[in-house]
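Please walk through this model with attention to its ligand site. The text begins with a loop and then turns to the ligand.

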Amino acid sequence: MKRAVYPGSFDPITNGHIDIIKRASKLFDELIVAVLVNPAKTPLFTVEERMELIKESLNNMPNIKVDNFDGLLAHYVSKIKADVIVRGLRAVSDFETEFQMALMNKRLNPDVEIVFLMTSYEYSYLSSGVVKEVARLGGDVSGLVPKCVEVKLLERVGRR
Ligand code: PNS
């Protein structure tokens, strides 16, 4: 059985993430969407809220689980006995950081493989950061995030 982890901040999950999750879930027996608990950052949504929004957005897809982790991703991956880390690549600009992270994760956990999925064209400009900024500044975020995320996001930035 092949178990893969799709790690990220997901603050909040976007339609770009959902696209990667749906495609990755067809490649592996089990996909764990793992939300990073990072005390160094002040996210817009708590870990619990982020996990809840991911679950709601995925609507009980059968081979997907939602979890959270802290510390090193490589250690989390061995702890849950996963074989693969999945990451999405949007543009050349993502490559450098992702390459560095992939090599470090491989060094820390030589048993893991890191698999990259190219983003779908329509989401190539999308990030949680951009979506939050547009929401904060009064722009339209519909179609960029699932409806449940849009509602929470507008609420959180004081637009509802
Ligand atoms: O959604 P993001 O913010 O691009 O996800 C980044 C993430 C969570 C995958 C990365 O920051 C991570 O794995 N952090 C855990 C700490 C760690 O393992 N650091 C060393 C990797 S080089």
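**A loop residue and the ligand site**

Asp11 is found in the loop that runs between β1 and α1 (15–25); helices (H or I, at least four residues) and strands (E, at least two) are DSSP runs, numbered from the N terminus. This is a predicted model, in which local features need pLDDT of at least 70, side-chain atom pairs count only at pLDDT 80 or more, and totals for chains, interfaces and linings use all residues. Residues are numbered from 1 along each chain as its sequence is written, and side-chain values use heavy atoms, with hydrogens and water left out.

Asp11 has a relative accessible area of 7% and is therefore buried (under 20% relative accessible area, 1.4 Å probe, protein chains only). A polar atom of the Asp11 side chain is 2.8 Å from the backbone nitrogen of Leu44.

Around the ligand are Pro7, Gly8, Ser9, Leu36, Phe69, Gly71, Leu72, Leu73, Arg87, Met101, Met104 and Asn105. By class, this shell has seven nonpolar residues, four polar and one charged (Ala, Val, Leu, Ile, Met, Phe, Trp, Tyr, Cys and Pro count as nonpolar, Asp, Glu, Lys and Arg as charged, and the others, Gly among them, as polar).

An N or O atom in the side chain of Ser9 is 2.6 Å from a ligand oxygen, a backbone N or O atom of Leu73 is 2.8 Å from one, and a polar side-chain atom of Arg87 is 3.0 Å from one. Two elements, β1 (3–8) and α4 (92–108), each give two or more residues to the shell; α4 supplies the largest share, three residues.

Technical notes
Near = heavy atom within 4 Å. Polar contact = N/O pair within 3.5 Å; in protein donor to acceptor, adjacent residues only side chain to side chain. Buried < 20%, exposed > 50% of the residue type's maximum accessible area, 1.4 Å probe, protein only.
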